Amino acid sequence: MNLLLLLGGLVFILVGASGLTDGAASLAARLRIPPIVIGLTIVAFGTSAPELTVSVSSALKGSADLAVGNVVGSNLFNTLVIVGCTALFAPIVISRNTLRKEIPLSILSAIALLIIANDMILNGDTENIISRTDGLLLLCFFAIFMAYTFAMATGNIESEQEEEIKTMPMWRAGVYMIAGMAGLVFGGQWFVDGASGIARALGVSESVIGLTLVAGGTSLPELATSVVAAIKKNPEIAIGNAIGSNLFNIFLVLGCSATITPLHIQGITNFDMLSLVGASVLLWVFGVFFAKRTITRVEGAILVAGYVAYITYLIWQV
């Protein structure tokens, strides 16, 4: 039953995110909002909607480890598996802007999470809590990131190839948005209930389930987008997709979750968060020091092997 809830919830989340994104993009296009704005907001939100839905639902149900584990695990999956697998399909050329700004910002976001989740070490508190204040601070970082993204996009708008947006009647766009939102809400509830039930049945912590099963499930949109991009000979999309999703997850997803209700962390360890910092640094090192800003197939294999080693360690610790 728990597995059915998990799978059914995941299907509703993915279908709901797609419906909400298509409906909102069509509505925005009919209101003559520039395509670049739609891509940076609605479409970007669409790929992060599964993580946002699951983490907020987990926070509301008191499953903080599931909420934080989903973000940390998803970001590790994005950095190691998505970029690694895409590089195995085709080497990824990293732009100078991504290497100098976006990836360092991703490293900074991982370090910020490590700091705000270590109250016991830094402040001598009795437990680690990502407070509402921390959540609001993360949302402020998200606002700065979005402002930077808009500035970069509008500055290069002439050189960007804008994706054609499928338009539909206003009433249908409204139905897509409402149905998509309903799918996200109900799917999120079922997914969290199923994941929590599986954790109890297997005798493992919610943090492990969040770092592995939940993280992999909610990262499916990013994985699908990157693999398709690699098949279509556009592997560089994977880097922007993965880094953008990482920033959305920490700044927006965790920011919203912690602002709604403080997250009391128990099962997510410094090893997990340091692994995320290390994965982000490794990606930057591969881009800076080897193969002229290119993630090669060998480096992609190393990234995937790193994720396998991390998951093996988690299973060994259970």
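Q: What do buried, partly exposed and exposed stand for here?
A: Buried means under 20% relative accessible area, exposed means over 50%, and partly exposed is in between. Keep in mind that this is a predicted model.

Q: Why is Phe271 called partly exposed?
A: Phe271 has a relative accessible area of 36%. The buried label needs under 20% and the exposed label needs over 50%, so Phe271 ends up as partly exposed.

Q: And what makes Tyr313 partly exposed?
A: Here the relative accessible area is 30%. That value also sits between the 20% and 50% cut-offs, so Tyr313 is partly exposed.

Q: How do you know that Phe271 and Tyr313 form an aromatic pair, and why is the pair called tilted?
A: Rings pair if their centres lie within 6.5 Å, and the centres of Phe271 and Tyr313 are 4.3 Å apart. The angle between the planes is 45°. Under 30 degrees would be stacked and over 60 would be edge-to-face, so this pair of Phe271 and Tyr313 is tilted.

Q: What makes this a link between distant parts of the chain?
A: Phe271 is in helix H11 (residues 270-289) and Tyr313 is in helix H12 (residues 297-317), 42 residues apart. Ring pairs also link Phe271, Tyr310, Tyr313 and Trp316 into a cluster.

Q: How many aromatic pairs does the structure hold?
A: There are 10 of them. One of these is formed by Phe145 and Phe248.

Q: Why is the pair of Phe145 and Phe248 called edge-to-face?
A: The planes of Phe145 and Phe248 are 90° apart, and anything over 60 counts as edge-to-face.

Q: What does the pair of Phe145 and Phe248 tie together?
A: Phe145 belongs to helix H6 (residues 132-155) and Phe248 to helix H10 (residues 236-260), so the pair joins parts 103 residues apart in sequence. Both Phe145 and Phe248 are buried.

Q: How do you know whether Ser57 is buried or exposed?
A: Ser57 has a relative accessible area of 11%. Buried means under 20%, so Ser57 is buried. Ser57 is found in helix H2 (residues 35-60). Apart from neighbours within four places in sequence, Ser57 is in contact with Gly188, Gln189 and Val192.

Q: Why does Pro221 count as buried?
A: The relative accessibility of Pro221 is 18%, and the cut-off is under 20%, so Pro221 counts as buried. Pro221 lies in helix H9. Pro221 and Leu14 are 207 residues apart in sequence, yet 7.5 Å apart in space, C-alpha to C-alpha.

Q: Why are H3 and H9 called roughly parallel?
A: The axes of helix H3 (residues 64-89) and helix H9 (residues 220-231) cross at roughly 20° and come within 9 Å. Angles under 35 degrees count as roughly parallel, so H3 and H9 get that label. The crossing of H3 past H9 is right-handed.

Q: Which residues make the contact of H3 with H9?
A: Phe77, Asn78, Ile82, Thr86 and Phe89 in H3 meet Glu222, Leu223, Ser226, Val227, Ala230 and Ile231 in H9. By class, that contact has 7 nonpolar, 3 polar and 1 charged residues.

Q: How do H4 and H10 pack?
A: Helix H4 (residues 96-116) and H10 pack at about 35°, with axes 10 Å apart. H4 passes H10 in a left-handed crossing.

Key
Residues are numbered from 1 along each chain as its sequence is written. This is a predicted model: local features need pLDDT of at least 70, side-chain atom pairs count only at pLDDT 80 or more; totals for chains, interfaces and linings use all residues. Side-chain values use heavy atoms; hydrogens and water are left out. Axes are lines fitted to C-alpha atoms, for helices over the stretch in contact, and angles run from 0 to 180 degrees between N-to-C directions. Helices (H or I, at least four residues) and strands (E, at least two) are DSSP runs, numbered from the N terminus. Angles under 35 degrees count as roughly parallel, over 145 as roughly antiparallel, 65 to 115 as roughly perpendicular and the rest as oblique. A crossing is left-handed if the near helix is turned anticlockwise from the far one by less than a right angle, and right-handed if clockwise. Contact means heavy atoms within 4.5 Å. Ala, Val, Leu, Ile, Met, Phe, Trp, Tyr, Cys and Pro count as nonpolar, Asp, Glu, Lys and Arg as charged, and the others, Gly among them, as polar. Rings of Phe, Tyr and Trp (its six-membered ring) pair if their centres lie within 6.5 Å; planes under 30 degrees apart count as stacked, over 60 as edge-to-face and the rest as tilted. Buried means under 20% relative accessible area, exposed over 50%, partly exposed in between (1.4 Å probe, protein chains only).
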